[in-house]
Amino acid sequence: MCTALNYVSEKHYFGRNFDWNEGYGEKVVITPRNFKIQFRYENAMDTHFAIMGMGIVNNNYPLYYDGVNEYGLCMAGLNFPDNAVYKECVCDKKNITSYEIVLWVLSQCKTTDEARTLLQNTNIANAAFSENLSTSPLHWIVSDRNKSIVIEPVSEGLMIYDNHTNVLANNPVFPKQLENLKKDIPYGPSSESRFKRAVELVNSAPKIIDESECVKKITDILLEVGRVKTEEEPKYTIYSACINATDIIYYYKLYEDDKIYKVSLGDCDISSNKIIEGNVL
């Protein structure tokens, strides 16, 4: 259960809630330009764009939930249960696993148009990272300052949609989410309700210039569509992220913590060949 959004004023911002019933030691992870990215089925990349985002590092491998690259392209994976379908490898496409897809896109694309072109020749291969880390059913939102797209691996294949709403939640599939915008949906924690409310809030938000006010506005929107832990519903918003994709700054807020933490890519050695790990959640 998650919600992601794109907001553009003078600068470009991208935000997301990560909703689940437990954390996994997530932290801000920077993959510098010269860290060798080894893909399961495709050739390794010795050099690529620098990436910063939230995730975990397992066996010196970055597993991203969301992120931004040095050119300001943003991407986030959201839960997509009962709809996500990963295929077996095919010979006429690039075969990338679900845990590699954020790295695959952000390591080599500067814009959503470039991401769309890359993904049109990509197959999401059905393979887990390890025996202890199984595959998660996901779909993704990719955004630059000009547009957003949604990527959904379903039984029909890898579908790519233009996203004029600048928002993504969970189920149902994206075309049905758009249809639901026309319906009277009571406000609540459901994906349909969160999607509709986030679309209303993002697209009616004033164009704010001040950085701190922009971060606060996005954090407030995410708070309104966030999840609160209860005895009946254990899933809650573990963290909310706000990315300044113009200056490549990652802000995040934790559950029951009013402080907003900040990590800037400009403060890191992005020419390194070693992963840089930030604050642990």
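Predicted model: local features only at pLDDT ≥ 70, side-chain atom pairs only at ≥ 80, totals over all residues.
Two strands pair if DSSP finds at least two bridges between them, strands being DSSP runs of E with at least two residues and helices runs of H or I with at least four, numbered from the N terminus. Residues are numbered from 1 along each chain as its sequence is written, and side-chain values use heavy atoms, with hydrogens and water left out.

**Strand β13 and its partners**
- Strand β2 (residues 12–20) pairs with β13 in the antiparallel sense over 8 bridges, and F18 stands opposite Y239 in β13.
- Strand β14 (residues 249–254) runs antiparallel to β13 and is joined to it by 6 bridges.
- Y239 stands opposite L254 in β14, while S240 stands opposite K253 in β14.
- A hairpin is formed by β13 and β14 with 4 residues between them, and I248 in the turn has a positive phi of about 55°.

**The whole sheet**
- The open sheet has 6 strands in the order β12-β1-β2-β13-β14-β15, with antiparallel pairing.
- At the edges stand β12 (167–168) and β15 (260–264), each with a single partner strand, so one side of each is left without a neighbour in the sheet.

**The helix on the sheet**
- Helix α5 (residues 211–224) packs on the sheet, touching β1 (2–8), β2, β13, β14 and β15, where contact means heavy atoms within 4.5 Å.

How values were computed:
Axes fitted to C-alpha atoms, helices over the stretch in contact; angles between N-to-C directions.
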